[in-house]
Amino acid sequence: MITPSTFLSRALLADAIFSGVSAAGLTLGAGLLAPFLNLPEALLRETGLFLIAYAALVGWLGTRSSVPKALVLIVVAGNAAWTLASIALLFSGAVSPNLLGEIVVVAQAIATGVFAELQYVGLRRSGGVVTA
């Protein structure tokens, strides 16, 4: 367990808010968003459903006075993986988004990558990562 720095707590809470807003929009609006982005409705809805649980977890972590270091590392690694997977999705040919869809996927990938970096920095400030 580590005591999170204020920076880490704020980075986790910002991620929770962003993810929660995205979860609501994707879950409730998948049918409306799919044609505008030319992305599969099921992909959008299932992503939104996943983000509900993720936002709850990250929000919970952001409000604790001590957090499991391993769980924070999993969040950081998950955000980094999500960023790479989002970009890989665009190159995979599995989906054919229009320009707006591509912009949305890239924008959320960038945001997720920024959260990974902020959380990693916060973890270092909390004494959770040893540097050489």
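**Aromatic rings in a predicted model**

The charged end of Arg125 sits over the ring of Phe7, 4.3 Å from its centre. This is a predicted model, where local features need pLDDT of at least 70, side-chain atom pairs count only at pLDDT 80 or more, and totals for chains, interfaces and linings use all residues. Residues are numbered from 1 along each chain as its sequence is written, and side-chain values use heavy atoms, leaving out hydrogens and water.

Me: What makes Arg125 sit over the ring of Phe7?
Reply: The definition wants NZ of Lys or CZ of Arg within 6 Å of the ring centre and within 35 degrees of the ring normal. The charged end of Arg125 is 4.3 Å from the centre of the Phe7 ring.

Me: How many aromatic pairs does the structure hold?
Reply: Three. Rings of Phe, Tyr and Trp (its six-membered ring) pair if their centres lie within 6.5 Å.

Me: Why is the pair of Phe18 and Phe115 called tilted?
Reply: Their centres are 5.6 Å apart and their planes at 50 degrees, so the pair is tilted. Planes under 30 degrees apart count as stacked, over 60 as edge-to-face, the rest as tilted.

Me: Why is the pair of Phe50 and Tyr54 called stacked?
Reply: Their planes are at 20 degrees and their centres 6.2 Å apart, so the pair is stacked. Ring pairs also link Phe50 and Tyr54 with Trp82 into a cluster.

Me: Is Tyr54 buried or exposed, and how do you know?
Reply: Its relative accessible area is 12%, so Tyr54 is buried. Buried means under 20%, exposed over 50%, partly exposed in between (1.4 Å probe, protein chains only). Phe50, at 45%, is partly exposed.
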